[in-house]
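Have the viewer open and follow along.

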Amino acid sequence: MIRMSIPEIAQTTGASVLLEGAREVTGEVVIDSRAVSEGGLFVAFAGERVDGNAYLAPAARAGAAAVVASAEVAEDTLAAARESGCAVLRAEGDDCEEFMLRLARAWRERHPEWLVVGVTGSVGKTTTKEMLAAGIGSQRRTHATAGNHNNLLGLPLTLFSVPEGTEVVVCELGMNHLHEIERMAAACAPTLSCITNVGTSHIGLLGSRENIARAKAEIVSGMCSHGDLAPALALLSSGDFTPFIADGFARPAGVDVVLSGTGETDEVRAGAVTLGETGCATVELSCSDGWSRRVTLSVPGRKVVDDLLLALALIWRLGLDRDRALDAIESMRATHMRLDVQTAPSGARVIDDSYNAAPASMASSLDVLSSMACEGRRVAVLGEMGELGDEAARLHGYVGAYAAAKGVDLLVLVGDELADEMAEAARTMGLSEDAIERFETVEKATEVMGPVLGAGDVVLVKASRAAGLDAFVRGVLAR
């Protein structure tokens with residue numbers, strides 16, 4: 001929740017005050033009129049499906065101290081607000097997105113006591129964020145991005161929801177276009193940050209991996225000191241764009257670079273990684289000051305070791321007890337729909353990784369599938385990946401070929417032409433025709449495959465969120 005006067009909000013954001021009404025906002029900032037609370041602020045976005053401006057009056061009647069319009073406000077709406085004692089503002093340029101970011105920045109500036117940690121990257125953002133929240137939270141009052149609140153709207157909502165008394169705020173920053181992370185970093189002003197990697201997510205929108213690296217490096221632009229703690233950016237030394245980001249963005253901005261990886265000169269290092277029967281990694285960790293510890297994670301996959309290294313680098317830089325932080329991280333469970341292993345009534349174990357996908361994360365999840373103990377069949381249920389542009393066909397082909405190379409017993413592909421690309425590549429790599437199943441819809445895949453998955457089978461379900469494969473998971477778990 002926030003506490004700001006209407007004149008302060010207008011001055012901070014450039015919004016026009018159409019009706020003074022209440023003098024102060026003392027509640028939650030929301031973009032859904034159904035979530036309005038007494039004394040809160042409702043921001044009306046003119047969406048493609050729902051126009052929030054149609055709900056200004058109901059929000060006022062529900063107890064909002066102020067509402068923010070993104071279009072001309074009708075007289076009957078003003079009358080309803082006047083009757084409720086609700087202030088009415090109109091966002092500058094009718095741009096509620098910019099309104100939210102400006103307000104968030106002002107609210108952040110009012111809380112210099114917060115130490116903000118920023119997390120971005122193509123793959124592994126959420127896992128790294130959760131590790132940081134668990135590790136730091138073991139020793140400091142910590143608030144972290146919830147769910148998918150990692151965009152231009154979610155980041156402000158994260159800052160507005162920070163509880164009183166919080167010491168550390170962990171912010172996840174996602175993006176689709178250049179300058180989005182720059183705008184979010186300006187709002188949250190992190191002191192410690194990490195970039196998990198530079199992959200191919202959104203390559204269809206940004207055109208090249210170098211542009212993706214530039215977009216991720218924008219996090220540096222908002223970084224600042226916190227007391228005696230200088231800004232620092234953690235990177236994986238093995239990343240092919242690590243020198244590009246470190247030398248081209250971080251160091252010129254006065255941001256220290258902390259390298260992690262498997263090299264002798266890395267400040268945070270991982271030894272040999274072994275995957276157990278559940279696909280969870282055991283790794284020997286060490287730091288350049290002589291500290292070391294063996295860790296066994298409860299989240300499956302080899303890739304999460306990279307996320308752990310980045311989290312550990314920032315936890316160490318923050319001056320926290322690393323052993324105590326790792327105790328908390330070891331007990332973490334997978335985030336919902338992200339390598340979340342559940343057992344269906346049929347006895348099949350389902351690896352639910354249906355939240356999102358990119359070529360690198362597809363390969364990593366297939367590695368998890370192949371590493372887990374399995375008495376039945378290893379089944380990969382894969383859907384299409386979005387935002388790959390002209391590279392889509394080629395990158396889907398790589399995924400199909402990789403699935404075949406990993407030796408899956410059954411490859412279930414859901415979608416249209418891009419699913420065909422995966423199927424054709426799998427055949428080219430030698431996967432037999434009777435080991436490939438193709439479905440155009442999730443419903444059909446669930447109807448046909450649900451009844452044939454049984455005890456001993458291990459089933460990976462992964463695709464971009466738009467593919468809707470979470471419905472497949474729900475269908476299988478309901479049987």
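## Val 198 and its neighbours

Which residues does Val 198 touch, not counting residues up to four places away in sequence? They are Ser 122, Arg 209, Ile 212, Ala 213, Phe 241 and Ile 245, with contact meaning heavy atoms within 4.5 Å.

Val 198 sits in the loop between strand 11 (192–195) and helix 8 (203–206); helices (H or I, at least four residues) and strands (E, at least two) are DSSP runs, numbered from the N terminus. Val 198 is buried, at 10% relative accessible area, where buried means under 20% with a 1.4 Å probe, protein chains only.

## How to read this

This is a predicted model: local features need pLDDT of at least 70, side-chain atom pairs count only at pLDDT 80 or more, and totals for chains, interfaces and linings use all residues. Residues are numbered from 1 along each chain as its sequence is written, and side-chain values use heavy atoms, leaving out hydrogens and water.

## Gln 139

Gln 139 is in the loop between helix 5 (125–137) and strand 9 (142–144), and counts as buried at 16% relative accessibility. Its side chain reaches the backbone nitrogen of Asp 321 at 2.8 Å. Setting aside neighbours within four places in sequence, Gln 139 is in contact with Leu 320, Asp 321, Arg 324 and Ala 325.

## Helix 14

The buried residues of helix 14 include Leu 395, His 396 and Val 399. Among the elements covering the buried residues are helix 13 (359–371) and strand 19 (378–383). Just after helix 14, Gly 407 takes a positive phi of about 75°.

Technical notes:
Buried < 20%, exposed > 50% of the residue type's maximum accessible area, 1.4 Å probe, protein only. Polar contact = N/O pair within 3.5 Å; in protein donor to acceptor, adjacent residues only side chain to side chain.
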